[in-house]
Amino acid sequence: MSITQNARLQPDNPAAVAPATGLTRTDFGNPAAWALAVILIIMPLIANGFFLIEIFGTTLILGVVALSLMFLAGYGGMVSLMQLTIAGLAGYMTAVLGASGNANISLGWPWWLATPMAIALATLFGTVGGALAVRTEGIYTIMITLAIASAFYYFTNQNWVIFNGHTGINSIVTPHFWGVDWRADIPFYYVILAVAVLCFGAVSYLVRTPFGLALQGVRDNPRRMAALGFNVNAHRVAAYAFASFVAALGGILQVWNYRQISPGSVGVERAIDILIIAVVGGITRPIGPFIGALIFVLLRTFTLDFLVAIGFDGNRFRLLIGLGFLVIVLFSPDGIVGLWERWRGRGEQGQTQPGGGRHG
Amino acid sequence: MTKLIERHPIWSLILLIAIAAALWLIFATWPPGLEEAFGRKKVFLSAVFNGITLGGLYFLVASGFTLIFGLMRNVNLAHGSLYLFGGYVGYAVSVATGSWILSFIAAFIIVALVGVAMQILVFRRIEGQDLRQTMVTIGLSIVFADLMLWAFGGDFYQIQTPHALVGPIELPFVTAVKSSGEAVYLQYPMVRLVILVASIVIGIAMWLALNRTRIGMIVRAGVDDRDILAAMGVRIQLVFVLVFALGAGLAGMAGVVGATFQSISPGEDIRFLLASLVVVIIGGMGSIPGAALGAVIVGLAEQLGSVYIPTYAIVVTFLIMVLVLAVRPQGLLAGR
């Protein structure tokens, strides 16, 4: 038991780890939230094709995958490193069941059959993995899910029958119906945006339902919840099932985005990137992963030019990411969101509503 | 032992039969029918020996990992990086001096110093926060991996095996009988056997140190309850630093071993991190005998798997882990 309780980022202040609400009622009256929504909707007018998909589209996709981790870690207290693996499996299944350039592997199902099937398989995989991970507690979760993630990576590398070994599957066919090519930049951006908003809304809603509240209870004190008659493990496995579904959606978008998938896309480094995105953004609120993803994508895209411009070796992107992650973990465990909330909290000292304030 | 048989009579019987069957497979001359169904005995025996020697290497890596976790509750996900760093240090030293033994000593000392620095500079500051420590180790592993890529590039490095250990040795295991009635014995690389013996010796030494010395007593007490131990006046921080140094040093030494009988390159850090994770999940966190058992199981599963079901080899290892988690989540030989 003590392992779980110590496993959170801020063991000394459990009440402050994550507020019960993701999107609070007041956010609807928040001009910043409305401005963000408007900007996201009219983005195709502002940004050109490269920025639209490579920056904002990728950000939202990575944000969705990281959101599934944020849900598990922030509300369930379970840090799972296999969310990208679930997304990758969904992507692989889209490629294997649907149509692609590798005709000997792909079954050529139409997208409306292949996609739900891929999501279902990936969700099942994630749920079974979660059921395994909840056999042990706290810090062990990270080890078991990391083992699952790396085993899947090596498996895709070794296996030629389904996963086509290290070359992976290329030229994956994306949906094309109602006369619209849904992979064209602007329609695809709106598909991504719709999925991201849906997932964000679903997470924000779910954490206020009885299930979400019980899950947070399980995070804070599993023993007491068990004594109250809640089935602790069932709540955890259900949380994994939901998170797997979200991750699978992200995986489908990812494979449509790149139109190819290979073991490199499900590597351990990528899986850890998802953790970095969620932690840097902040795992206390659903908006955190999206902020983290934007920072990550911007860094990944522009670090090379930036480092070269100031006279360094442009290939040191991962070093920068690693150091940034270290700084965040060591100095602001609740990420950018936490930093911002503390900064805002300092400005409004004494004005915070009872119960609504956070103790930084 | 008798207690185990009394408590689980059926499992003990199955275990005994499995051991007997394995021994028969190793020592008997295979009848022709079996060779047809299963391939040649030489292949099987080589796979078994490769599995056990690989298990020795995994044990060296995983024992440090499990020791650090057992005492400090610190899941050191940078352990693979320490392994890889040890390999590079060993390579550099062996190229510079030409001495294999010296490369072991240098790798042990330098990587142990890195471990000491990690414990003093980073982990001491965030003691007792398991998840944060683990995240820090993830960050460190990314930084280390990129620094090593920077310094050594993406090439494969292999440490030269010393002349005395080059070449095969004949083992008293019959692989086949020629038509003339003459028995053919298994040929096996000498250096691998030396490494296996060395890791067994290290394992026994560690077990003795933990169970028969005063330091070991302190470490074991720390595993059980470090707060009380600190209250008894033991300088627990010093013990932490020593154990971290030992664990890291072992990983560094394992890196030299790995660089000698395989090779090292970027990516090996993750491979050995995975191996350590699976080994300690199977064997039981914090248990040295558990690490030994887990290492042999994983090594055998990997080698036999890659011989008999090449494209699904990793699945075998993984299924064993799943099975252990399902039946005995705390690991096979976990103390508590």
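Colleague: Before I start, how are residues numbered and chains lettered here?

Modeller: Residues count from 1 along each chain as its sequence is written, while chains are lettered from A and ligands numbered from 1 in the order in which they are written. It's a predicted model, where local features need pLDDT of at least 70, side-chain atom pairs count only at pLDDT 80 or more, and totals for chains, interfaces and linings use all residues.

Colleague: What is the average pLDDT of chain A?

Modeller: Chain A averages 79, and 87% of the residues score at least 70. pLDDT is the predictor's confidence in each residue, from 0 to 100.

Colleague: Which elements of chain A have the lowest and highest mean pLDDT?

Modeller: Helix α1(A), residues 2–6, has the lowest at 37, and helix α11(A), residues 232–258, has the highest at 90. Residues 1–22 of chain A are below 50, and that stretch has 51 contacts in the model beyond near neighbours in sequence. Residues 350–360 of chain A are below 50 too, with 11 such contacts. Two residues are in contact if their C-beta atoms, placed from the backbone, lie within 7 Å. Where pLDDT is low, the predicted coordinates should not be read in detail.

Colleague: OK, how many helices and strands does chain A have?

Modeller: Chain A has 15 helices and 2 strands. Those are DSSP runs numbered from the N terminus: helices are H or I with at least four residues, strands are E with at least two.

Colleague: And what share of chain A is buried?

Modeller: Of its 360 residues, 48% count as buried. Buried means 20 or more other C-beta atoms within 10 Å of the residue's own, exposed means 12 or fewer, and partly exposed is in between, with C-beta atoms placed from the backbone. Also, of the contacts in chain A between residues at least 6 apart in sequence, 74% join residues at least 24 apart.

Colleague: How do α4(A) and α11(A) pack?

Modeller: α4(A), residues 49–76, packs against α11(A) at about 170°, with the axes 9 Å apart. So the two are roughly antiparallel to each other. Axes are lines fitted to C-alpha atoms, for helices over the stretch in contact, and angles run from 0 to 180 degrees between N-to-C directions. Under 35 degrees is roughly parallel, over 145 roughly antiparallel, 65 to 115 roughly perpendicular, and the rest oblique.

Colleague: Which residues make that contact, by class?

Modeller: There are 15 nonpolar, 7 polar and 1 charged residues. Among them are Ile61(A) and Phe71(A) of α4(A), and Tyr240(A) and Leu253(A) of α11(A). Nonpolar covers Ala, Val, Leu, Ile, Met, Phe, Trp, Tyr, Cys and Pro; charged covers Asp, Glu, Lys and Arg; the others, Gly among them, are polar.

Colleague: What about phi of Arg259(A)?

Modeller: Phi there is near 60°, a positive value in a residue other than glycine. Most residues other than glycine have a negative phi. Arg259(A) lies in the loop between α11 and α12 (268–281) of chain A.

Colleague: Last topic: how many residues does each chain bring to the contact?

Modeller: Chain B brings 32 residues and chain A brings 39. On the chain B side, α7(B) gives the most, with 14 residues. That side divides into 24 nonpolar, 5 polar and 3 charged.

Colleague: How do α7(A) and α14(B) cross?

Modeller: The axes of α7(A), residues 139–158, and α14(B) come within 8 Å and cross at roughly 155°. That makes α7(A) roughly antiparallel to α14(B). Residues making the contact include Tyr154(A) and Phe155(A) of α7(A), and Phe318(B) and Met321(B) of α14(B). By class, this contact has 11 nonpolar, 1 polar and no charged residues.
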